[in-house]
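Here's a quick look at one protein model, going from a single side chain out to the whole chain. Have the viewer open while you read.

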Amino acid sequence: MVGPMMEMGDEDRGPPWLKPLLKSNFFVPCKIHGVSNKSECNMYCLDCIGNALCSYCLAYHKDHRVVQIRRSSYHNVIRVSEVSKFIDISCVQTYIINSAKIVFLNERPQPRPGKGVTNTCEICCRGLLDSFRFCSLGCKLGGMKRDPELTFLLRARAGRESEQGSESDESLTPRKLRKTSAFSRAIYLLSPPPVSTAWKSPEESAVDRRSGATSPVTPPIINYRTSRRKGVPHRAPF
């Protein structure tokens, strides 16, 4: 009988292209287009799961999921904006290089952590920030053998949030139209009725116009200030 951990197997440990991606050789001349300029292999097709690709190889991988690998301090890195579309990179420390957030592909052993380091990678002992457990995707893959709770699978909650976000971005949907009409009816029922004016006959209206009747809304302005005139001053007797 196969245990629960074995039933999880490779599916929960990441997509089938993850391990080949981590083991691929990048930044080497392309075997097919090696004589051409800029034939360095820095691409990888997640659908074909083959060798690294150069810019000329992309013509054979149209409509495929292709990611670009970059270099930092002689180590392979990938941008978070690219890889986070396909796998969950939680627990892996990210870095900012050339104004872009990246993660390293493979481990970077560090025999002696720096002074004051309180958290290190669980696989290669590289110093990390306190909120992370691994320094690279490869280290997280190795940590999954110890911790079955770790996974590279994207959570379904993120998909639901994106659907809600796309729904909020739409201008007007039938659901929103129904809500708007219901809100308008509620406002109409709660609003006070308009003030109605008494009906007058043409004769009464003519009398009001001749008598110069003012509007009941705007009463006549009366100036209550009165000016006092000073009296003639008298000299005091000696």
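## A buried arginine and its surroundings

Arg 108 is buried yet has no salt bridge, and the nearest side chain of opposite charge, Glu 107, sits 9.8 Å away. Buried here means under 20% relative accessible area, with exposed over 50% and partly exposed in between (1.4 Å probe, protein chains only). A salt bridge needs a side-chain nitrogen of Lys or Arg within 4 Å of a carboxyl oxygen of Asp or Glu. On charges, Lys and Arg count as positive, Asp and Glu as negative, while His and the chain ends are not counted.

Before going further: this is a predicted model, where local features need pLDDT of at least 70 and side-chain atom pairs count only at pLDDT 80 or more, while totals for chains, interfaces and linings use all residues. Residues are numbered from 1 along each chain as its sequence is written, and side-chain values use heavy atoms, with hydrogens and water left out.

Helices (H or I, at least four residues) and strands (E, at least two) are DSSP runs, numbered from the N terminus. Setting aside neighbours within four places in sequence, Arg 108 is in contact (heavy atoms within 4.5 Å) with His 75, Tyr 95, Cys 124, Arg 126 and Cys 135.

Ser 136 is in the loop between S6 and H4 too. The side chain of Ser 136 reaches the backbone nitrogen of Glu 107 at 3.3 Å. Leaving out residues up to four places away in sequence, Ser 136 touches Val 92, Phe 104, Leu 105, Asn 106 and Glu 107.

| Residue | Relative accessible area | Class |
|---|---|---|
| Ser 136 | 0% | buried |
| Cys 121 | 2% | buried |
| Cys 91 | 24% | partly exposed |

How many disulfides turn up? A search of the whole structure finds 0 (a disulfide is a pair of cysteine sulfur atoms within 2.5 Å). Cys 121 is in no disulfide, and the nearest cysteine sulfur, that of Cys 139, is 3.7 Å away.

Now the whole protein. There are 7 helices and 6 strands, running α-α-β-β-β-β-α-β-β-α-α-α-α from the N terminus. Buried residues make up 26% of the 238 residues. Among contacts between residues at least 6 apart in sequence, 43% join residues at least 24 apart.

Note on methods:
Polar contact = N/O pair within 3.5 Å; in protein donor to acceptor, adjacent residues only side chain to side chain.
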